[in-house]
Amino acid sequence: MPSFRAQLQIMGLRPGNAPEAVMDSAVAAIGSIHVVEANQLDLVAGIPRITVRFMVESTEYTAENLHALNAGAAMRHAVETVAVAGRLAMLRRNRGKWMPLR
């Protein structure tokens, strides 16, 4: 099964939400569709960024990418209920390297 990463900048929390709600909502959104392998929070150039790594069922290359892009959109939508999201990057593992989709 191919592995993907969804990386989303977090620009701030919406009022009344705990910081943990950001990752919880991201993992729940992708986990309801695909198998989540890992998640992490990084600080990149002073901006928090969450990363959720997940697997997509093996089908056809383009279809797999489309499923991953849809999962990234679902993650962004879920996170935006608790936080203000920035840039979303989608990556696919290809021969030992993470390559951007699109």
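User: Which class does Gln 40 fall into: buried, partly exposed or exposed?
Analyst: Gln 40 has a relative accessibility of 42%, in a predicted model where local features need pLDDT of at least 70, side-chain atom pairs count only at pLDDT 80 or more, and totals for chains, interfaces and linings use all residues. Residues are numbered from 1 along each chain as its sequence is written, and side-chain values use heavy atoms, with hydrogens and water left out. Buried means under 20% relative accessible area, exposed means over 50%, and partly exposed lies in between (1.4 Å probe, protein chains only). With its 42%, Gln 40 therefore counts as partly exposed.

User: Which residues does Gln 40 touch, not counting residues up to four places away in sequence?
Analyst: Gln 40 sits in strand β2, residues 35-44. A contact means heavy atoms within 4.5 Å. With residues up to four places away set aside, Gln 40 touches Met 23, Arg 49, Ile 50 and Thr 51.

User: How far apart in space are Gln 40 and Gln 7?
Analyst: In sequence, 33 residues separate Gln 40 from Gln 7. In space, C-alpha to C-alpha, their separation is 9.5 Å.

User: What share of the 102 residues is buried?
Analyst: The C-alpha trace spans about 40 × 30 × 20 Å along its principal axes. Within the protein's 102 residues, the buried share is 36%.

User: What share of the contacts with a separation of 6 or more comes from residues 24 or more positions apart?
Analyst: The contacts considered here are those with a separation of 6 or more. Among these, residues 24 or more positions apart account for 67%.

User: Why does the span of helix α2 agree with its number of residues?
Analyst: The expected span of a helix is 1.5 Å times one less than its number of residues. Helix α2 (residues 61-79) has 19 residues, so it should span 27 Å. Its end C-alpha atoms agree with this, being apart by 27 Å.

User: Which elements do the buried residues of α2 pack against?
Analyst: The buried residues of α2 include Ala 68, Leu 69, Gly 72 and Met 75. Leu 69 counts as buried because its relative accessibility is 19%, and its contacts beyond four places in sequence are Met 90, Leu 101 and Arg 102. Taken as a set, the buried residues of α2 pack against β1 (3-13), α1 (20-31), β3 (47-55) and β4 (83-94).

User: What is the phi of Ala 45?
Analyst: Most residues other than glycine have a negative phi. Ala 45 lies in the loop between β2 and β3 and is exposed, with a relative accessible area of 79%. Its phi is positive, near 55 degrees.

User: Where is Arg 95, whose phi also has a positive value?
Analyst: The phi of Arg 95 is near 55 degrees. Arg 95 is exposed, as its relative accessible area is 83%. Its place is in the loop between β4 and β5 (97-100).

Definitions and conventions. Helices (H or I, at least four residues) and strands (E, at least two) are DSSP runs, numbered from the N terminus.
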